[in-house]
Amino acid sequence: MSEAKQGDTVQIHYKGTLDDGTVFDSSEGRDPLEFAVGSGMIIPGLDKAIPGMKVGDKKVVNVPCAEAYGEVNLENRQAVPRDQFPDNIPMEVGTQLQMQGEGGQVMVVTIVEVADTEVTLDANHALAGKDLTFAIEMIAIQLA
């Protein structure tokens with residue numbers, strides 16, 4: 001039976017949890033996640049766990065935040081005058097908005113603080129600064 005290696009296309013089922021057991025993502029009830037090993041399509045800490053697995057193998061992988069979505073970067077927070085927001089946008093902590101960056105790329109930001117005169121936006125990934133745990137099962141391997 002073949003073992004997954006760099007460049008192979010694999011399919012896995014997974015369940016991702018936080019340290020407190022909260023499930024943040026899962027492939028349950030969906031098609032397996034398909035990606036090329038080592039391609040950068042998934043977070044590095046999970047990608048590194050795939051080589052050597054065979055179809056049917058299961059494992060639990062602990063991924064530190066540095067190998068997932070990184071540490072929280074305070075430079076990714078910005079206060080914006082409240083009057084720069086259209087009236088139809090709800091000014092509530094946790095609201096996610098799409099903004100266009102300087103290079104034209106679209107990025108998701110989250111409202112993290114609302115004051116009388118300004119709103120603080122956070123462009124960090126929602127899982128930044130968090131260690132993650134994945135329970136994974138190898139479903140298929142297509143050799144490179």
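## Largest pocket

In the classes used here, Ala, Val, Leu, Ile, Met, Phe, Trp, Tyr, Cys and Pro count as nonpolar, Asp, Glu, Lys and Arg as charged, and the others, Gly among them, as polar. By these classes, six nonpolar, four polar and three charged residues line the largest pocket of this predicted model.

The space in the largest pocket amounts to about 240 Å³. Its lining comprises 13 residues, of which Asn76, Gln78, Met107, Val109 and Ala123 are the closest to the pocket centre. Two or more lining residues come from each of β5 (77-81), β6 (96-100), β7 (106-114) and β8 (118-122). The largest contribution to this lining is that of β5, with three residues.

## Second largest pocket

The second largest pocket has a volume of about 160 Å³. Its lining consists of Tyr14, Phe24, Asp25, Leu33, Met41, Ile42, Ile43, Leu46, Tyr69 and Phe134. By class, nine of these residues are nonpolar, one is charged and no polar residue is present.

## The aromatic pair

Two residues of the second pocket lining, Phe24 and Phe134, also form an aromatic pair. A search of the whole structure finds one such pair. The geometry of Phe24 and Phe134 is edge-to-face, with 5.7 Å centre to centre and 85° between the planes. Phe24 belongs to strand β2 (residues 23-26) and Phe134 to strand β9 (residues 132-142), so the pair ties together parts that are 110 residues apart in sequence.

The two partners fall into separate accessibility classes. Phe134 has a relative accessible area of 5% and is buried, since buried means under 20%.

## Nonpolar cores

Phe134 also has a place in the largest nonpolar core, which holds 21 residues; Ile50, Phe134 and Ile136 touch the most other members. Each of β1 (9-17), β4 (58-63) and β9 supplies at least two residues of this core. The greatest share comes from β9, with four residues.

Leaving aside residues up to four places away in sequence, Phe134 touches Tyr14, Lys15, Gly16, Phe24, Ile43, Leu46, Lys59, Val60, Val61 and Val63. Among these contacts, Tyr14, Phe24, Ile43 and Leu46 are also listed in the lining of the second largest pocket.

A second, separate core is made up of eight residues, among them Met91, Leu97, Ile111 and Val119.

Conventions. Residues numbered from 1 in each chain as written. Predicted model: local features only at pLDDT ≥ 70, side-chain atom pairs only at ≥ 80, totals over all residues. Heavy atoms only, no water. 1 Å grid on protein atoms, 1.4 Å probe; cavity = no way out; pocket = protein on both sides within 12 Å on 5 of 7 lines; lining within 4 Å. Points joined across faces, edges and corners; volume = space filled by probe spheres on them. Phe/Tyr/Trp six-rings, centres within 6.5 Å; stacked < 30°, edge-to-face > 60°. Buried < 20%, exposed > 50% of the residue type's maximum accessible area, 1.4 Å probe, protein only. Core = buried A, V, L, I, M, F, W, Y, C linked by side-chain atoms within 4.5 Å. Contact = heavy atoms within 4.5 Å.
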